[in-house]
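Trainee: I would like to learn how to read the features of a model like this one. Please take them in turn, with the general idea ahead of the case.

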Amino acid sequence: MRFSSPIPSAHTGQVAPRALLAGIVIVITLAGCGGGGGSESGGEPKVAGNADPGDIRVIDAWVTALRRGDVDAAARYFAIPSVAENGPLLLHIESLDDARRFNESLPCGALLVRAQTQGRFTTAIFRLTERPGPGICGPGAGSTAKTSFVIHDAKIVEWRRVGAGGQRAPSQSA
């Protein structure tokens, strides 16, 4: 059996320098495919802290949907039923419409910058941004917010705003 080669010097057993260089470029290019990147490129989000990777994926996907103004997608990250505590209000989310209304009530988008897991709570720190849709973040844009989550089966079961004015994140016994 005989194979022909597109490499001009293949019959001598040597590889032409251009062909060798082209092969190296192809290998490097293929090796780079699918590597690294944050949540925007579909890879694992890169977030400081020791948080559970599964919790980070859910929290980052939720906040990314909200930041893009996709309230429907953000709402789908909430378990039915679930609870959301934003300041003095404790909301019982009993339907997808309730989850949608809660997400619409948040005037800011955000970027996940840090997350820590302690017990059943994962506490996330966000940098607030403007976002499409209802509400205006205004002077809050650029500041940080802290929220504690309980995630179960890749859904938000509890969403609790913490950290404003020195409040502590809930403990496992809370």
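Trainee: In what order do the elements of the protein chain run from the N terminus on?

Mentor: Helices (H or I, at least four residues) and strands (E, at least two) are DSSP runs, numbered from the N terminus. Here the order is α-α-α-β-β-α-β-β-β-β, which comes to 4 helices and 6 strands. This is a predicted model, where local features need pLDDT of at least 70 and side-chain atom pairs count only at pLDDT 80 or more, while totals for chains, interfaces and linings use all residues. Residues are numbered from 1 along each chain as its sequence is written, and side-chain values use heavy atoms, with hydrogens and water left out.

Trainee: How do I read burial, and what share of the protein chain is buried?

Mentor: Buried means under 20% relative accessible area, exposed over 50%, and partly exposed in between, with a 1.4 Å probe and protein chains only. Of the 174 residues in the protein chain, 32% are buried.

Trainee: Which residues have the most contacts inside the largest nonpolar core?

Mentor: In soluble globular proteins, nonpolar side chains tend to be buried together. A nonpolar core is a set of buried Ala, Val, Leu, Ile, Met, Phe, Trp, Tyr and Cys residues joined through side-chain atoms within 4.5 Å. The largest one has 31 residues, and those with the most contacts inside it are Trp 62, Phe 78, Leu 112, Phe 126, Phe 149, Ile 156 and Trp 159. Elements giving two or more residues to this core include α2 (53-67), β1 (78-86) and β6 (155-162); α2 gives the most, with 7 residues.

Trainee: What is Trp 62 in contact with?

Mentor: Contact means heavy atoms within 4.5 Å. Leaving aside neighbours within four places in sequence, the partners of Trp 62 include Ala 74, Tyr 77, Asn 103 and Leu 106. Across the protein chain, 49% of the contacts with a separation of 6 or more are between residues 24 or more positions apart.

Trainee: How many disulfides does a search of the whole structure find?

Mentor: A disulfide is a covalent bond between the sulfur atoms of two cysteines. The criterion is a pair of cysteine sulfur atoms within 2.5 Å, and the search finds 1. Cys 108 and Cys 137 form this disulfide, with their sulfur atoms 2.0 Å apart. Cys 108 is in the loop between α4 and β3 and Cys 137 in the loop between β4 and β5, 29 residues apart. The torsion about their S-S bond is about 90°, so the disulfide is right-handed. Both Cys 108 and Cys 137 are buried.

Trainee: What about backbone angles: which peptide bond is cis?

Mentor: Most residues other than glycine have a negative phi, and most peptide bonds are trans. The bond from Ile 80 to Pro 81 is cis, with omega near 0°, and Pro 81 lies in strand β1.

Trainee: Where is Asp 153, and is this residue buried or exposed?

Mentor: Asp 153 sits in the loop between β5 and β6. Its relative accessibility is 65%, so Asp 153 counts as exposed. Although not a glycine, Asp 153 has a positive phi of about 50°. Ala 154 is found in the loop between β5 and β6, with a positive phi near 60°. Ala 154 is partly exposed, because its relative accessible area is 48%.
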